[in-house]
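Please examine the sequence and the three-dimensional structure shown here before reading on. The explanation that follows is intended to be read beside them.

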Amino acid sequence: PYGMARPFSPASGMMPVLEKERSGPMSIVILGVDLGKNACSVVGVDAAGAVIVRKSMRRQTLIDYVTKLPACVIAMEACCGAHNLGRLFAAQGHEIRLMSPEYVRPYVKAQKNDDRDAEGIAEAASRPTMRFVELKTQEQLDIQTLHRVRSRLVAERTNLINQLRAILLERGTIFPAGRRKLELGIDAMLAAEDTALSPRLKQLVGELRAEWHELDTKVEALNGEFVELARNDAAARRLTSIPGIGTLNATALIAAVGDASSFAKARDLGAWLGLVPRQHTTGGKPRLLGISKRGNTYLRTLLIHGARAALPSLARSETPLGRWLTGMIERGVHRNAIVVALANKLARIAWAALRKEVSFERGYPAAA
């Protein structure tokens with residue numbers, strides 16, 4: 001690492017030479033770490049914000065290096081592997097600050113490289129208005145991984161079903177919309193002796209149908225795990241008492257936000273999920289656009305699906321929430337806008353259930 005350059009001397013005619021920094025690791029206040037698969041770039045700054053350490057090291061070397069450091073702030077982007085390292089460093093007495101990469105980007109100066117990224121991370125972590133990501137526990141990461149695997153399996157099943165429909169459509173065989181109707185139709189076709197398919201194609205369709213059944217089995221096994229997790233967790237049981245929030249939504253919420261202590265108000269959770277209007281205000285003229293779609297896309301999708309499923313029954317109920325929905329319907333608000341508004345309401349109710357440790361009460365007033 002190098003510090004300030006010596007001033008240029010006209011008498012000597014020599015260009016400025018960088019002096020090696022005399023400060024040691026004892027003066028590091030914030031350590032910015034740009035994580036990589038193999039090598040990590042590290043930049044340490046002192047209390048004045050000056051860079052006193054600039055290194056590149058492997059992960060294990062980084063762990064050994066941080067172990068020898070006095071307690072300081074370690075800043076990283078909230079990316080793959082950050083939570084694991086964050087827990088290791090927190091156990092050694094360091095303060096961990098994880099940030100969204102989009103919040104770090106404005107602090108990266110000049111050309112982008114790993115070294116500049118680490119310097120920008122350290123500078124962003126020193127800002128008093130910076131928003132930090134809560135460090136996830138191992139249990140939260142496990143639940144999140146189960147959800148991601150399930151999401152991939154469902155996507156694979158959808159692709160397979162679409163391919164099956166296309167193959168059969170080219171042979172003049174059309175099935176009604178719906179996964180169950182297609183499933184029954186293919187099973188009947190494979191069981192029949194006389195079909196319009198050639199023997200090889202019939203064999204191929206049978207193999208695809210077996211692959212489809214295998215994906216169904218894997219998805220159902222994961223669904224069973226989520227049901228068991230929700231049954232054995234008190235916070236998940238409170239969340240499932242909310243209309244439109246089932247075991248998938250409840251476990252995904254716990255994996256993403258934990259006890260929701262990182263959100264000061266209920267509206268903050270809805271805004272973090274991107275369920276609020278996108279704002280473009282200039283010159284004192286407010287302009288609200290569509291929803292911002294920021295934050296956790298998977299969780300936002302689950303909440304919107306849950307709101308869409310719960311909307312008909314809630315709108316018919318004689319509850320404050322039902323009257324709130326009925327009022328929007330009578331005013332002619334578009335159905336999709338009502339669904340998103342209900343999803344935002346469910347996110348706020350979920351925040352209250354997690355923070356206050358109470359179950360949902362249908363008769364509780366629904367604030368606008």
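The model is predicted: local features need pLDDT of at least 70 and side-chain atom pairs count only at pLDDT 80 or more, while totals for chains, interfaces and linings use all residues. Residues are numbered from 1 along each chain as its sequence is written, and side-chain values use heavy atoms, with hydrogens and water left out.

Helices (H or I, at least four residues) and strands (E, at least two) are DSSP runs numbered from the N terminus. Buried denotes under 20% relative accessible area, exposed over 50%, and partly exposed in between, with a 1.4 Å probe and protein chains only. Because five of the five residues of β6 (residues 73-77) are buried, the strand is largely enclosed by the rest of the structure. The cover extends to both faces: V73, A75 and E77 are buried on one side, as are I74 and M76 on the other.

Strands count as paired if DSSP finds at least two bridges between them. Strand β3 (residues 30-34) pairs with β6 in the parallel sense over four bridges, and L31 stands opposite I74. Strand β7 (residues 95-99) also pairs with β6 in the parallel sense, over five bridges; here I74 stands opposite I96. From β6 the chain passes through helix α2 (residues 82-90) to β7 in a right-handed β-α-β crossover, meaning that, with the strands pointing away from the viewer, the path from the first strand over the helix to the second runs clockwise.

Within β6, A75 is buried at a relative accessible area of 0%. Its contacts (heavy atoms within 4.5 Å) are L31, G32, V33, R97, M99, I121 and A125, not counting residues up to four places away in sequence. The C-alpha atoms of A75 and L98 are separated by 5.8 Å, although these residues lie 23 apart along the chain.

A nonpolar core is a set of buried Ala, Val, Leu, Ile, Met, Phe, Trp, Tyr and Cys residues joined through side-chain atoms within 4.5 Å. The largest one has 43 residues, and L239, I242, I245, L275, L303, L325 and L342 have the most contacts inside it. At least two residues each come from α8 (234-240), α9 (247-257), α10 (266-272), α11 (297-316), α12 (320-330) and α13 (335-356). The largest share, twelve residues, is supplied by α13. Apart from this core lies another, of 22 residues, among them L31, V66, I96 and L98.

Helix α9 is mostly covered, with ten of its eleven residues buried. The cover of these buried residues includes α5, α7 (199-232), α8, α10, α11 and α13. After α9 comes G258, with a positive phi near 65 degrees.

Helix α5 (residues 138-170) has 33 residues and reaches 49 Å from its first C-alpha to its last, close to the 48 Å expected at 1.5 Å a residue; that expectation is 1.5 Å times one less than the number of residues. It is followed by G172, whose phi is positive, near 85 degrees.

Finally, the structure holds zero disulfides, a disulfide being a pair of cysteine sulfur atoms within 2.5 Å. The sulfur of C40 is 9.0 Å from the closest cysteine sulfur, in C79, and therefore too far for a bond. For C80, the nearest cysteine sulfur, that of C79, is 7.1 Å away. C40 is buried at 0% relative accessibility, whereas C80 is exposed at 74%.
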